[in-house]
Amino acid sequence: MKKLILSILTASSLFTANAQKQLFNEMEYSPEKTVFNLNAPSKAKSVVVRIYDSAVITKPSQVVTLKKSGTDRWSATVDGDLMGKFYTFDMGKGECPGTFAKAVGVNGKRAAIINLDSTNPEGWTNDVRPAISSPSDLVVYEMHHRDFSIHPSSQSKYPGKFLALTEPKNVHYLKTLGVNAVQVLPSYDYATVDEARPDIPQYNWGYDPLNYNTPEGSYSTDATKPDVRIREFKQMVQAMHNAGIRVILDVVYNHCMSIDGSNFQLTYPDYYYRMVKKGKGTSGSIGSKGGKYSDGSGCGNETASEKPLMRQFMIESVKYWINEYHIDGFRFDLMGIHDIETMNIIREEVNKIDPSITIYGEGWSAGACAIDHDRLAMKAVTYKMPGIGAFSDDMRDAIRGPFSDDTKPAFLAALPGHEESIKFGLAGAIQHPQIDMTKVNYSKEPWTAQPSQHVSYVSCHDDMSLVDRIRASFPGIGTDELKRLDKLAQTFVLTSQGVPFLWAGEEVMRDKKGVHNSYNSPDSINQIDWNNFKLYPDVFFYYKGLIEMRNAHKAFRMGDADLVRKNLSFISAPDCVVAFRLNGKAVGDSWDDIVCIMNSNKTPQTVPVPAGTYTVVCRDGMVNVGGLDRLRVGGTVTVGPQQALIIYK
Ligand code: CA
């Protein structure tokens, strides 16, 4: 009977159960002994762990052979106190720190045995996650540590480091802007920056994972001490939490820096990656079994989340970042490479800790994946993944133009035909009776079940900054028009029922000197020049004003599809005008009736609006939540050229 019950359990419930098991507890320390475990093939000839006195000394102090302790499982117990030692595993393919090292030496070559409790900053046990009632309550600020604080104008004590986000001046800046979540670009240990040379400026976005479960050393003040990066990362999270700001981690489980030499490959060759059958497929490189590695990431490989160990690795990794580092959310890079089932299991596991922890990702891949397409966590099937969101290229491209051609404009250039895609984004990609899906650019069906599954943005680290993008698609554009279009674009983002997402520095008109893919461009391209604040203060205050408005008014973040369908109604408008009403009263907002009208035409435009006396909140590129003016409306209202008008009564 017991067997029968087991056999009808789904894979999903089995792995949910497994999630409690901790298959990636590779090193269990106590002062008396240390237990080492490794997931490696049972047929491996030998598996050893080498103990070192330092991260760099070449000769190990001990070499211990692991014994089979289960199917594809090897273990050994080393007596004595190994605190402060370093170790590597070797199953015949070469040394590596294992797949789940929680502390590492410089450049992540060896794992370290440290007391994790000693890395907790003072007050860490009282650290509290800032509350939200829906992901739509977030205003996400995506940032790279170096971009944010490396320019001399930042006057940071810790330029390019985790600790920059603990500096009162920087915390104050974020609070003033009003964002309530920072999404940090990859901050786990990645491969491309030489941590042994902090004296040389080096730059990378970090989409080249090395050790998934320890922070990147080059963002710490001392990469040679394994505890420092961990402590400073926690200090960063704590400082953000104290300011009411959540920390969202960019996680890149979909690929590794390379296959050869990766910790996955060195512990269990060809297990963690998807392969295409011999003779099939054109991408990737030749695997050891003669098949080719699939390359859905465009980086030479793709991991196989549907395989039990890879799935379990992702579950345990996410939980580890939440429990050890108090992380509040995850942005899954190329989520479309992972399978739906794994993403849903991760969501379930995270819910057990705190359902308010956000999960969203890129609902696409960068190439064909070696798995049935219907199983992939693509944007189009976001509705099948409750509590998981996806970035909206529909809205992004309708506003500013396609990813594939930086010179091609869209709505901002007063080109008609993009209005319906923008409306779709404003509603959070739900089914809405007033949206004609036949006119939406990329999606022919709604792809969310809830608006909070829609990440609304016009720019991110990928791709050009908004300013560069507008310049590229409007040759010869002057500063005044540039500012008008920049503000208009973000007005959609910050009034969308989805999750608004801003690329750091857009609020001061950051540029990247026109570079599109700046993943390894020098600081001179990627850094935010904060002197821009003095040049474009009105842009900063426009963003700040809209964020303040959103944070104060529930009508802009109803967080529920039925509420949005009932209380967001679109107003019929001329070409290149998008206009809508929000029934604030119905959702408990102090603003009863809100009207937003966005016009990209170079001429004023008029739309029908119910008669009455309104308060003007946004007009002529200015926002004041307390009111700019009063406006008596007789039945129509006129919005100025290339701008947004927001009024309420
Ligand atoms: Ca590193």
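## A walk through the predicted model

In helix H4, Tyr 173, Thr 176 and Leu 177 meet Phe 540, Tyr 543, Lys 544 and Ile 547 of helix H15, where contact means heavy atoms within 4.5 Å. Sorted by type, the residues of this contact divide into 5 nonpolar, 1 polar and 1 charged; here Ala, Val, Leu, Ile, Met, Phe, Trp, Tyr, Cys and Pro count as nonpolar, Asp, Glu, Lys and Arg as charged, and the others, Gly among them, as polar. The axes of H4 (residues 168-177) and H15 (residues 537-552) come within 8 Å and cross at roughly 65 degrees, which makes H4 roughly perpendicular to H15. Angles from 65 to 115 degrees count as roughly perpendicular, those under 35 as roughly parallel, those over 145 as roughly antiparallel and the rest as oblique; they run from 0 to 180 degrees between N-to-C directions, and the axes are lines fitted to C-alpha atoms, for helices over the stretch in contact.

The structure is a predicted model, in which local features need pLDDT of at least 70 and side-chain atom pairs count only at pLDDT 80 or more, while totals for chains, interfaces and linings use all residues. Residues are numbered from 1 along each chain as its sequence is written, and side-chain values use heavy atoms, with hydrogens and water left out.

The protein as a whole holds 16 helices and 28 strands, which are DSSP runs numbered from the N terminus, helices (H or I) having at least four residues and strands (E) at least two. For 649 residues, a compact globule would have a radius of gyration near 26 Å, and the protein agrees with this at 26 Å; the radius is taken over C-alpha atoms, and the globule rule is 2.2 Å times the number of residues to the power 0.38. Of the 649 residues, 61% are buried, meaning under 20% relative accessible area, whereas exposed means over 50% and partly exposed lies in between (1.4 Å probe, protein chains only).

Helices H9 and H10 show what burial looks like in detail. In H10 (residues 419-426), 8 of the 8 residues are buried, so this helix is largely enclosed by the rest of the structure. Its buried residues pack against several elements, among them helix H9 (393-400), helix H12 (479-495) and strand E18 (454-456). H9 likewise has 8 of its 8 residues buried, so H9 too is largely enclosed by the rest of the structure, and its cover includes strand E17 (388-391), H10, E18, helix H11 (466-473) and H12. Just after H9, Gly 401 takes a positive phi of about 110 degrees, while H10 is followed by Gly 428, whose positive phi is near 80 degrees.

Burial also occurs in a loop: Glu 506 lies between strand E19 (499-503) and helix H13 (523-526), and Glu 506 is buried, with a relative accessible area of 0%. Leaving aside residues up to four places away in sequence, Glu 506 touches Ser 459, Ser 465, Leu 466, Val 467, Gln 490, Val 539 and Tyr 543.

A further helix pair can be set beside the opening one. Helix H5 (residues 226-242) and helix H7 (residues 308-325) pack at an angle of about 75 degrees, with their axes 10 Å apart, which makes H5 roughly perpendicular to H7. Ile 230, Phe 233, Lys 234 and Val 237 of H5 make this contact with Trp 321, Glu 324 and Tyr 325 of H7, and the residues divide into 5 nonpolar, no polar and 2 charged.
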